[in-house]
Amino acid sequence: MIGYYLALAGRSLRRNVVLTILMIVAIAFGVGASMTTLTVLHVLSADPIPQKSDRLYYVQLDPKKLRGVDESPEPNRQMTLLDAQNLLKAKKADRQALMTGGNAGIDAQRPDLPPFPLDDVRQTTADFFSMFDVPFIAGTGWTAADDDNAARVCVLGKALAEKVYGSTNVIGKTLRVEKDDLRVIGVIDDWRPVPHFYDLNTDTYGKGDQLFLPFSTSLQINVGHSGSTNCWDEHTDAFAVGAPCEWVQFWVELDSKDKAAAYKDYLIAYSQEQKRAGTYERDPNVRLPDVMQWLAYNEVVPDDARLQTWIALGFLLVCLVNTVGLLLTKFLRRSADIGVRRALGASKRAIFLQLLVEAGVVGLVGGVLGLGLAWLGLWAVRHQPATYADLAHLDMPMLLSTFALAILATVLAGLLPAWRGCQVAPAAQLRSH
Amino acid sequence: MLQMTQVSKVFRTEVVETHALRALDLEVTEGEFVAVTGPSGSGKTTFLNIAGLLEEATSGEYKLDGVDITKLGDRDRSRLRNEKIGFVFQSFNLIPDLDLFDNIDVPLRYRGFSRAERKKRIEEALERVGLASRLRHYPAELSGGQQQRVAIARAIAGGPKLLLADEPTGNLDSQMAREIMRLLEELNAQGTVLVIVTHDPEIAARAQRNVHIVDGVATDLERGPSLVKKAHA
């Protein structure tokens with residue numbers, strides 16, 4: 001019967017073209033606006049590493065003074081270099097990585113390419129690549145021994161390799177960073193986790209890093225630090241080991257919840273030990289959020305993206321209320337037709353389904369048009385100055401969601417009119433027809 | 001075929017209670033042609049609506065072809081209405097934006113017949129009422145008499161045992177009215193039970209039985225076989 005209902009829907013919708021267009025346009029605008037903002041929200045709040053986001057944990061300690069500049073009860077968002085180095089040496093997790101963002105001058109030693117500054121530098125330790133599933137197209141990352149020895153090695157991003165050498169086949173070549181020569185041991189493919197979860201102190205939705213080098217090496221060759229630095233006591237050098245300043249990030253990979261619980265116990269014991277040693281003033285105050293918890297804690301999705309989504313959903317609701325009114329008018333106008341069908345053997349259920357299919361057809365056509373409007377809306381978003389603008393693209397799940405939203409919304413909008421329509425008393429209609 | 005026992009229908013509003021039917025007892029057997037007469041507002045149409053399962057009685061028992069209607073839900077009542085009953089209305093009640101084929105197709109769709117079966121029945125029904133050549137015409141392109149013949153074709157396409165007609169000639173001139181009555185009587189002669197609600201004494205006179213309703217009270221005026229019936233016999 002669905003085929004019959006579809007044919008009846010087509011006939012009915014053609015009967016009053018203006019009303020039909022009004023309904024379709026209302027749905028299309030509501031769906032288009034909603035899908036534009038939902039797509040942006042979807043991109044911004046996506047799990048950046050779904051295959052292991054529940055096994056990667058960010059480590060937070062609280063070495064602040066009890067009284068002073070920062071009396072927040074929250075543990076720090078970053079770590080002191082001393083704590084990070086202690087945790088790295090302890091190797092209590094399956095994998096661990098210390099890191100910070102940086103910037104450096106690059107000298108390609110080519111007459112046609114003058115030295116240039118590079119902002120996308122990651123100073124980190126050996127496990128970084130395996131922890132975050134960084135995709136290599138040539139070579140590998142460095143080893144823990146390279147970290148210990150401050151080896152003069154580096155890994156390049158594909159874009160930097162092509163810019164400097166015109167190729168990604170560059171293993172063994174030398175790259176001059178600041179004033180030191182580093183040997184290229186790996187090249188990674190385009191890699192841009194969205195959001196940039198492993199370091200939210202730099203651009204949350206920015207481009208991926210292009211130069212990776214051992215943290216120990218970066219300290220020796222004076223690569224610049226980028227990101228925030230917070231200090232809570234007097235100091236002469238914020239970046240020195242033992243300085244009361246937080247500026248590095250520390251991630252661990254733990255393969256089970258039991259290991260995560262054990263690692264948290266270890267962090268508490270570590271904090272107690274630091275307090276006993278007089279390094280910490282506060283009682284143990286540690287956190288170990290996984291990737292999605294860390295993103296939620298940092299509220300990475302911009303407030304305006306959420307606000308726009310709520311406004312668009314409100315607009316969709318207004319469009320749907322209008323559609324309910326139009327469908328109600330349309331269906332009740334057909335009371336005579338419904339009365340005849342009931343007399344000829346249609347059950348209330350059959351009439352209800354017939355009218356609901358008609359609402360669904362409006363939703364489907366509105367969805368197609370809404371998809372076009374969403375595409376147009378996302379095009380407009382991509383031309384905004386926001387850092388996430390270039391990420392606003394419809395992917396397959398959102399494309400399917402657009403149709404699902406349009407049909408679901410219209411069928412929901414059709415429920416009341418269809419129910420009212422199927423309640424038409426046939427006897428009254430046949431008498432008055 | 002149709003058995004009503006103590007059937008009553010009361011329409012209630014906040015201020016008034018109208019007794020449209022009062023304790024109606026009526027039995028119509030296989031092959032009968034019954035005319036239901038009475039003044040306007042007497043309850044004739046209410047009787048027809050209850051008989052056609054378009055309205056529920058307030059009280060009493062109604063059996064259609066042996067099935068107790070009072071125990072059925074909407075789905076079963078609709079199925080029974082579709083299978084057992086054909087309707088012919090005074091104002092034809094054809095669906096204006098469907099052509100004749102699709103109009104007659106409506107009850108057959110709800111019956112769940114195959115495409116081929118529906119086509120066969122529609123063509124046979126239109127042939128029966130003499131409009132086989134107008135298959136793809138729309139109701140507005142036909143005269144009143146032709147529209148009523150289409151309505152009859154639609155009513156009989158599913159092969160119902162009971163034909164309920166509400167003033168089937170009320171909107172027609174006398175010649176067309178005679179044509180329609182001849183058609184209905186032919187159907188009755190072939191075994192379809194015919195119940196006609198009418199003001200027209202001429203039609204009433206052609207029926208085997210007259211049931212007269214006044215103020216919701218029915219009187220069964222037992223008559224002998226109608227003249228037409230005798231003629232057929």
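How many residue pairs are in polar contact between chain B and chain A? In this predicted model, in which local features need pLDDT of at least 70, side-chain atom pairs count only at pLDDT 80 or more, and totals for chains, interfaces and linings use all residues, the count is 9 residue pairs, both residues at pLDDT 80 or more. Residues are numbered from 1 along each chain as its sequence is written, chains are lettered from A in the order in which they are written, and side-chain values use heavy atoms, without hydrogens and water. A polar contact is a pair of N or O atoms within 3.5 Å; within protein, one must be able to donate a hydrogen and the other to accept it, and residues adjacent in sequence count only if both atoms are side-chain atoms.

The two chains also form 3 salt bridges (a side-chain nitrogen of Lys or Arg within 4 Å of a carboxyl oxygen of Asp or Glu). Arg15(A) and Asp97(B) are joined by a salt bridge through their side chains, at 2.5 Å from N to O.

In total, 23 residues of chain B are in contact (heavy atoms within 4.5 Å) with 24 residues of chain A. About 2,200 Å² is buried between the chains, 56% of it on carbon and sulfur atoms; this buried area is the accessible area (1.4 Å probe) that two parts lose on being put together, summed over both. Within chain B, Asn93(B), Arg109(B) and Tyr110(B) lose the most area to chain A, together 27% of what that side buries.
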